[in-house]
Structure formats: C-alpha cells, structure tokens
Amino acid sequence: MTIESGGSWADEWAFFREVEGWSAAGRHRDVLDALARLPAAVREGRTRSALLAAEAHGRLGDLTAAADWADRAWTLARTGGDRLAELRARNYRGAIALRRGDIAEADAHFSAGLDVARTLHDHAAEARGLNNLGILANIRGDHEGALANYRLALVAYQQVGHVRGIAETHHNIGISLRDLGNARAAIGAAEEAVRLATQVGDEQLMALSSTGRAELHLALGDPALAGAELKRAEARYTRIGFRAGLPEVWRVQAAVSRATRYVPAAVALLVKAAELAREFGSTDTLADIERDLSESLTASNDAVGAREARERAIALYRKVGAGRAAERLVLRQ
C-alpha cells in the first residue's frame with residue numbers, strides 16, 4: 001500500500017494502521033521499506049512515521065538512525081501537543097541511551113516517561129517504563145528490585161492484552177532469576193517467553209528468548225540442548241537480517257564451547273562477538289563478552305590477554321553503571 005502526495009486522510013490512516021500492525025508483528029524491515037515509499041513531507045512531517053522509523057531502526061540495531069527519528073518524533077509530538085506520542089518518543093530515547101551505555105540519561109527518560117504514562121492512564125506505556133526501569137536495576141545489580149518492576153509491568157501489560165510485552169517481560173524475569181543463581185526458576189520464565197514470542201510470531205523476539213533459554217539449559221548442565229537452540233536462534237537472526245542480535249548468541253555459544261572444552265573455539269567466537277557489538281554500540285552486551293573473553297583466555301593460559309579483556313570489561317561495566325559486576329572482576333585480579 002502507498003500514499004501519493006496529496007492523498008486523502010483516509011488513505012493515510014489506512015496506511016499507518018497497516019504498517020503499525022507490521023511493527024507490532026516484528027516486521028521492521030517491511031516497516032522501513034514502506035516508510036521509504038512515502039512522500040518526504042509525510043515521512044518526515046508525521047509523528048506516526050517518525051515513531052515507526054525510530055522503533056524499526058532501533059530494533060534492527062541502527063542506533064544512530066533510531067536516535068535521529070526519535071528526536072524528530074519528540075519534536076513533532078511536542079509541537080502538536082500529542083502527549084502520548086511524546087511519551088513514546090521519550091521511551092525510545094531512553095532505550096537508545098541504554099544501548100549506548102548512558103545509564104543516567106536512560107534513567108531520566110524512563111522515570112519521566114513512567115510518570116507521564118501514569119498521568120495519562122496508558123497501561124502499555126506504563127508497562128514499558130516499568131520494564132525499562134527493571135532492566136536498569138538489573139544492570140546495577142539490584143536483581144530483586146528488577147523483579148519487582150517486572151512483576152508490575154506484567155500486570156500492566158495483561159490489562160491491555162499486550163502479548164509481545166508480556167513475552168519480553170518474562171524474558172527479563174528469567175535473566176534476573178538467573179543472575180540471582182536460581183536457574184530452575186528462571187527456565188520457567190524463559191519457557192513462557194519463548195511460548196508467547198512464538199504465539200505472536202515475532203521472529204526477533206523468538207530468537208532473543210530462545211537465546212536466553214539456551215543459556216539456562218547450559219547452566220542446568222545440558223550444553224547439547226543449549227547448542228542446538230543457539231543454532232536455531234543464529235539462523236533466525238540471520239534470516240531476518242538482525243545482525244545486532246548475533247553477538248549475544250555468539251557469547252552463549254562460546255560458553256557452550258568452553259563447557260565442552262573447546263576453548264580455542266570459544267575465544268574465536270568471543271572475538272567475533274566483540275567486534276560486532278562494538279560496531280552496533282551495544283555497550284552492555286560488549287561488557288559481558290569481554291568478561292567471558294577474559295575467562296576463556298585464562299583457560300588458554302594467555303594471562304596478558306585475559307588481564308586486558310578483564311580491564312576492558314571493568315571499564316565497560318562502570319560506564320553502564322554495573323558497579324557490582326565491575327567489583328566482582330576487580331576482586332579476581
């Protein structure tokens with residue numbers, strides 16, 4: 001479907017309704033292709049198109065383009081007095097800041113956005129804000145605080161039947177439970193995340209949740225099952241062109257290799273993962289990769305390389321506000 005310059009409002013409304021459906025289903029490349037066919041005045045002058053572009057670019061890992069469109073959406077929403085759109089743009093800006101490792105900016109956006117969402121009685125936006133604040137708490141090492149935010153987010157998402165959001169939240173719950181050392185409880189949350197992601201049909205979310213579940217299979221002593229699941233996640237990311245998801249898959253694949261005593265393969269995977277994570281500016285993911293690389297290089301008897309990777313991980317963890325994770329690595333030196 002296309003909109004010609006000077007087309008009717010009915011055509012424009014129908015176009016955006018269809019494309020927003022694609023966005024909800026995770027068809028982000030289709031969203032960008034559709035937006036590219038719009039007249040420039042519509043693409044650049046409508047809050048709806050700017051929001052769609054910001055989310056699509058962000059989901060596909062292009063943080064620079066996502067930030068530009070989020071800023072444009074925020075300006076358009078402010079100018080037009082559209083507080084709901086302004087709220088969405090603020091949440092995108094916070095998510096981009098989080099990916100880049102600017103935790104203070106992310107926190108400011110998410111906290112302000114949560115206040116606005118509650119004022120507007122927007123349950124979906126409230127849930128997103130709670131989820132995002134939970135992610136920040138988990139990065140900072142407050143796993144119980146993260147779980148409290150996630151459980152509130154689940155309630156808000158359930159009120160509006162937002163299945164994708166519920167799936168993302170279960171995935172996040174699994175991560176916090178894993179970080180608390182409770183892999184058996186975490187696997188239940190991960191299973192629910194995969195089930196719901198499959199129900200929604202969002203391949204990117206399916207790959208994300210499957211990667212989380214694979215890491216838990218490994219923690220529970222089943223590297224073969226973890227490896228098989230990771231191959232499927234890698235293939236899914238590759239098929240949909242979401243290269244930004246691959247570094248985390250490779251990081252967990254490296255853990256499988258290390259667990260099965262293929263240490264050189266683990267080192268190679270982590271080096272490859274670090275290069276791609278740097279390309280996409282995924283600071284928090286890169287910190288975990290450098291931490292794991294340090295462990296693999298230690299197992300390879302490369303003391304110098306291990307120390308350098310550990311120092312990089314410490315610096316990255318401190319940058320994203322993960323003080324507890326940084327301190328754990330300092331104590332290993």
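Colleague: Is Thr 169 buried or exposed?
Modeller: Thr 169 is buried, at a relative accessible area of 0%. Buried means under 20%, exposed over 50%, and partly exposed in between, with a 1.4 Å probe and protein chains only. Mind that this is a predicted model: local features need pLDDT of at least 70, side-chain atom pairs count only at pLDDT 80 or more, and totals for chains, interfaces and linings use all residues. Residues are numbered from 1 along each chain as its sequence is written, and side-chain values use heavy atoms, with hydrogens and water left out.

Colleague: Which helix does Thr 169 lie in?
Modeller: Helix H10, residues 163-179. Helices are DSSP runs (H or I, at least four residues), as are strands (E, at least two), numbered from the N terminus.

Colleague: And what does Thr 169 touch?
Modeller: Asn 131, Tyr 150, Ala 153, Leu 154 and Tyr 157, not counting residues up to four places away in sequence. Contact here is heavy atoms within 4.5 Å. Separately, a polar atom of the Thr 169 side chain lies 2.7 Å from the backbone oxygen of Gly 165.

Colleague: Switching to the whole chain. How many helices and strands?
Modeller: 18 helices and 0 strands. The radius of gyration is 20 Å, close to the 20 Å from the globule rule for 333 residues, so the chain is as compact as a globular protein of that length. That radius is taken over C-alpha atoms, and the rule is 2.2 Å times the number of residues to the power 0.38.

Colleague: What box do the C-alpha atoms fill?
Modeller: Roughly 65 × 35 × 35 Å, along the principal axes. Of the 333 residues, 53% count as buried.

Colleague: Back to residues. Where is Glu 234?
Modeller: In helix H13, residues 223-240. Glu 234 is partly exposed, at 24% relative accessible area. Leaving aside neighbours within four places in sequence, Glu 234 is in contact with Leu 246, Val 249, Trp 250 and Gln 253.

Colleague: How far is the Glu 234 C-alpha from that of Ser 210?
Modeller: 9.9 Å, with the two residues 24 apart along the chain.

Colleague: Last one. Where is Asp 82 found?
Modeller: In the loop between helix H5 (63-80) and helix H6 (83-100). Asp 82 is partly exposed, at 36%. A polar atom of the Asp 82 side chain sits 3.3 Å from the backbone nitrogen of Leu 84. The C-alpha atoms of Asp 82 and Gly 94 are separated by 18 Å, 12 residues apart along the chain.

Conventions:
A polar contact is a pair of N or O atoms within 3.5 Å; within protein, one must be able to donate a hydrogen and the other to accept it, and residues adjacent in sequence count only if both atoms are side-chain atoms.
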